Amino acid sequence: MSNKVVVNDWRDNLFNLDNDDDLPKICATCKALSNRVRLDILRLLQNGSHLLTISEIAQALGIPKTTAIHHVEVLEQAELVVVLYKSSSKGTVRVVGRNIKSTHICHFYPDPVEQQNSKTFIQTHKVGHFSDIDCNTYAVVLDDHTIFETTDRFDTKHFDALLLYTEKGIITYEFSGAVAKNHKVHKLSLSLEICSEAPYFNNNYYSDITFWINGVELCTYLSTGDYGDRRGRLNPEWWPNVNTQYGKLVSLVVNDNGVMLNGIEVTQKINVNSLKLDKHDSIKVTFGNKSTSTHIGGMNIFGSRFGDYEQDIMLKIDYE
């Protein structure tokens with residue numbers, strides 16, 4: 001067994017009270033954070049290598065080893081830490097490391113009247129089903145164990161992409177606008193798994209990824225890395241460990257009140273009415289590096305069979 005210990009230190013949790021699937025995770029997280037000893041363990045992991053053995057935790061906090069094991073197990077169940085195993089001269093040692101970088105819980109959801117009157121229309125696009133791409137070159141990973149690199153946006157091979165990446169550029173996906181054109185839209189939600197693009201991988205590689213809908217600039221997401229410190233949960237077995245492995249699930253919401261990025265309000269100057277959805281037959285979702293960006297670090301766009309999240313590019317329309 002290798003002595004190298006790799007810890008995922010880049011994930012964020014975004015929970016919502018109106019999502020039934022999130023409720024057990026919220027309970028587990030709140031339980032894990034409700035105890036002073038467990039908070040002290042998380043504080044210990046902020047220092048040095050961010051890795052500690054069970055014995056080191058017990059010694060640092062002055063508690064029995066069995067008590068330390070119990071508290072670590074509670075933290076692990078909430079995915080706040082990860083427990084790995086390292087070989088040593090004394091056998092196998094459990095090593096505890098940081099896992100979840102932050103947790104956000106959205107407490108607000110529409111009142112029952114609004115929920116009752118609202119409908120949702122969901123569309124998805126595979127990463128290779130773009131309508132336009134503006135870059136020098138881009139590459140796609142295909143299911144036949146090949147990587148296809150091209151400058152030709154019209155080459156049909158990209159339709160079957162599991163993963164698409166480019167060192168810089170802008171890409172557009174076109175969704176049906178029929179529902180939005182003919183109904184009152186209250187909220188538009190976009191979600192996708194994405195990260196920066198560096199040679200092989202680099203967990204500290206920034207990229208300013210700007211988002212537009214129907215040509216209206218909404219916000220810029222700062223991707224902090226091209227992540228490869230561990231394998232992506234969905235990656236095929238043949239995918240090399242030295243390459244990009246996973247991204248972050250980015251959530252963009254435009255509603256009546258403004259624009260939110262990963263649950264945090266970024267502007268009130270633009271709202272769903274700014275997109276003029278009733279004037280267009282389609283909804284054009286565009287994102288990528290502007291030429292004036294501080295960090296032009298490209299992007300990896302993950303499909304439902306790559307990375308960590310089993311979804312393609314998803315657009316939800318809430319309307320009445």
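# Reading a predicted fold, residue by residue

Me: Thr 53 is buried, with a relative accessible area of 18%. What does buried mean here?

Reply: Buried means under 20% relative accessible area; exposed means over 50%; partly exposed is in between (1.4 Å probe, protein chains only). Thr 53 has 18%, so it counts as buried. Two notes on the source: this is a predicted model, where local features need pLDDT of at least 70, side-chain atom pairs need 80 or more, and totals for chains, interfaces and linings use all residues. Residues are numbered from 1 along each chain as its sequence is written, and side-chain values use heavy atoms, with hydrogens and water left out.

Me: Where is Thr 53 found?

Reply: Helices (H or I, at least four residues) and strands (E, at least two) are DSSP runs, numbered from the N terminus. Thr 53 is in strand β2, residues 51–53.

Me: Which residues is Thr 53 in contact with?

Reply: Contact means heavy atoms within 4.5 Å. Leave aside neighbours within four places in sequence, and Thr 53 is in contact with Val 93, Arg 94 and Val 95.

Me: Step back. How many helices and strands are in the protein?

Reply: The protein has 6 helices and 20 strands. Its radius of gyration is 22 Å, close to the 20 Å that the globule rule gives for 320 residues, so the protein is as compact as a globular protein of that length. That radius is taken over C-alpha atoms, and the rule is 2.2 Å times the number of residues to the power 0.38. Along the principal axes, the C-alpha atoms fill a box of roughly 65 × 50 × 35 Å.

Me: What share of the residues counts as buried?

Reply: Of the 320 residues, 46% are buried. The contacts tell their own story. Among those with a separation of 6 or more, 70% join residues 24 or more positions apart.

Me: And the surface and charges?

Reply: Accessible areas come from the Shrake-Rupley method with a 1.4 Å probe; for residues, only the protein chains shown count as cover. The protein's accessible surface is about 16600 Å², and carbon and sulfur atoms hold 49% of it. For charges, Lys and Arg count as positive, Asp and Glu as negative; His and the chain ends are not counted. There are 32 positive and 39 negative side chains, with the centres of the two sets 6 Å apart. Each charge is placed at NZ of Lys, CZ of Arg, CG of Asp or CD of Glu.

Me: Which residue caps the N-terminal end of α2?

Reply: Polar contacts come in here. They are pairs of N or O atoms within 3.5 Å; within protein, one must be able to donate a hydrogen and the other to accept it, and residues adjacent in sequence count only if both atoms are side-chain atoms. Asn 35 is the cap: a side-chain oxygen lies 2.8 Å from the backbone nitrogen of Val 37. In helix α2 itself (residues 36–44), Arg 38, Asp 40, Ile 41 and Leu 42 are buried.

Me: Now Gln 245. Is it buried or exposed?

Reply: Gln 245 is at 0% relative accessibility, so it counts as buried. It is found in the loop between β14 and β15. Gln 245 touches residues beyond four places away in sequence, including Tyr 227, Trp 239 and Phe 302.

Me: What lies 3.3 Å and 2.9 Å from polar atoms of its side chain?

Reply: The backbone nitrogen of Gly 232 is at 3.3 Å. The backbone oxygen of Asn 243 is at 2.9 Å. Gly 232 is 13 residues from Gln 245 in sequence, and their C-alpha atoms are 4.7 Å apart.

Me: What about Asn 255?

Reply: Asn 255 lies in strand β15, residues 248–255. At 15% relative accessible area, Asn 255 is buried. A polar atom of its side chain is 2.8 Å from the backbone nitrogen of Asn 257. Beyond four places in sequence, its contacts include His 186, Met 260 and Val 272.

Me: How does phi read for Tyr 200?

Reply: Tyr 200 has a positive phi of about 60°, although it is not a glycine. Tyr 200 is in the loop between β12 (185–195) and β13 (207–213). At 59% relative accessibility, Tyr 200 counts as exposed. Asn 214 also has a positive phi, near 50°. It is found in the loop between β13 and β14 (216–223). Asn 214 is at 16%, so it counts as buried.
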